[in-house]
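Q: Can you walk me through this structure? Keep it short, please.

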Amino acid sequence: MKPPVVPSLPPPVDQDYVDQVIARHSARAGRLLSILEELQEHNPQKYLPMEVLDYVAAKTDIPRAQVYSVVSFYALFNLEPQGKNTICICRGTACHTRGSRNLLERLKLELGVKDSAEEGGGADKLSVTTSDGKYTLRTVACFGQCALAPVVEVNHNILGHVNEQALKREIDHLEGDRRKHANQ
Ligand code: FES
């Protein structure tokens, strides 16, 4: 049987780096997850382009369908470029009853995210990046931290008992950091 054809990766993807990551994890159990995690982390926009998934599938001899299903199954993987900051609001029952809907609406207003086709999968399953690339706003079904409801994750930091004022302070803080970096 002929070996699978491995497509080459178009710029700006660093094919040598991708090859190194695949080689480093090749002998490990669960290598696919490790490879995908590392490649996504290395991408400045924190996502996995389709051509990278095709490449990984061909190089590792793992069926494409399996690679895609892993990426779709795990919420940590992104198929679209992400904003510089990620804010994720829990929409589980405990958080919902403690006001996460209001937090979400407030955040949409703050960030200028419209209630429209920009939202993927309806109001309770949101993943949208602002047009300036500053923020990605997402929702999640449950963080497993229900005692802290309502829970919001900001750049991978879990915040509990969040109210609108606290959320506004977080945004102001992120904006302040951004301005500081812009002036450096
Ligand atoms: S429902 Fe929000 S953390 Fe569980």
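Q: Which residues does Val151 touch, leaving aside its neighbours within four places in sequence?
A: Val151 is in contact with Cys90, Cys95, Phe143, Gln145, Ile158, Leu159, Gly160 and Val162. Two residues are in contact if their C-beta atoms, placed from the backbone, lie within 7 Å.

Q: What am I looking at, and how is it numbered?
A: This is a predicted model: local features need pLDDT of at least 70, side-chain atom pairs count only at pLDDT 80 or more, and totals for chains, interfaces and linings use all residues. Residues are numbered from 1 along each chain as its sequence is written.

Q: Switching to helix 3, which of its residues are buried?
A: In helix 3 (residues 50-60), the buried ones are Val52, Tyr55, Val56 and Ala57. Buried means 20 or more other C-beta atoms within 10 Å of a residue's own, with C-beta atoms placed from the backbone. Helices are DSSP runs of H or I, at least four residues, numbered from the N terminus.

Q: What covers them?
A: The cover includes helix 1 (15-25), helix 2 (31-42) and helix 4 (64-73).

Q: How do helix 3 and helix 4 cross?
A: Their axes come within 9 Å and cross at roughly 130°. Axes are lines fitted to C-alpha atoms over the stretch in contact, and angles run from 0 to 180 degrees between N-to-C directions.

Q: Who makes that contact?
A: Helix 3 brings Leu53, Asp54, Val56 and Ala57. Helix 4 brings Arg64, Val67, Tyr68 and Val71.

Key. Buried ≥ 20, exposed ≤ 12 C-beta atoms within 10 Å, placed from the backbone. Helix = DSSP H or I, 4+ residues; strand = E, 2+ residues; numbered from the N terminus.
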